[in-house]
Amino acid sequence: MSAKTVVLIDPLGNECSYERKVLRNWRNFLKTMAHNSQRAKWQIKTMQHNRQRDGSSCGVLVLKVEDFK
């Protein structure tokens with residue numbers, strides 16, 4: 001069984017408050033889709049990033065995170 005990772009990024013920096021819920025929802029989604037990745041061991045990780053300070057710049061953050069991949 002291989003390990004898979006879901007990366008959670010919240011522009012406002014609140015990842016810790018709902019990371020378990022996101023992982024549970026992801027696993028349930030895979031079950032409903034009868035996806036082969038359902039059998040993999042999924043884990044969730046967060047990525048350090050600058051916190052968004054306004055209500056409109058989240059798109060810029062997502063693009064910058066893509067640069068780091």
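Modeller: The largest nonpolar core consists of seven residues: Val-6, Leu-8, Leu-23, Leu-30, Ala-40, Trp-42 and Ile-44. A nonpolar core is here a set of buried Ala, Val, Leu, Ile, Met, Phe, Trp, Tyr and Cys residues joined through side-chain atoms within 4.5 Å; buried means under 20% relative accessible area, exposed over 50%, and partly exposed in between, with a 1.4 Å probe and protein chains only. Strand 1, helix 1 and strand 2 are the elements that give two or more residues to this core. Helices (H or I, at least four residues) and strands (E, at least two) are DSSP runs, numbered from the N terminus. In soluble globular proteins, nonpolar side chains tend to be buried together.

This is a predicted model, in which local features need pLDDT of at least 70 and side-chain atom pairs count only at pLDDT 80 or more, whereas totals for chains, interfaces and linings use all residues. Residues are numbered from 1 along each chain as its sequence is written, and side-chain values use heavy atoms, with hydrogens and water left out.

Ring pairs join Trp-42 to a cluster with Trp-26 and Phe-29; rings of Phe, Tyr and Trp (its six-membered ring) pair if their centres lie within 6.5 Å, and planes under 30 degrees apart count as stacked, over 60 as edge-to-face and the rest as tilted. By this rule there are two aromatic pairs. The ring centres of Trp-26 and Trp-42 are 5.4 Å apart and their planes stand at 75°, so this pair is edge-to-face. The pair links distant parts of the chain, with Trp-26 in helix 1 and Trp-42 in strand 2 (residues 41-46), 16 residues apart. Trp-26 is partly exposed, at a relative accessible area of 30%.

Leu-8, another core member, has contacts (heavy atoms within 4.5 Å) beyond four places in sequence that include Glu-15, Tyr-18 and Ile-44. Asp-10 likewise touches Glu-15 and Tyr-18, together with His-49, under the same exclusion of residues up to four places away. Asp-10 lies in the loop between strand 1 (3-8) and helix 1 (19-32). A polar contact of 2.7 Å joins the side chains of Asp-10 and Tyr-18; such a contact is a pair of N or O atoms within 3.5 Å, where within protein one must be able to donate a hydrogen and the other to accept it, and residues adjacent in sequence count only if both atoms are side-chain atoms. The side chain of Asp-10 also reaches the backbone nitrogen of Leu-12 at 2.9 Å.
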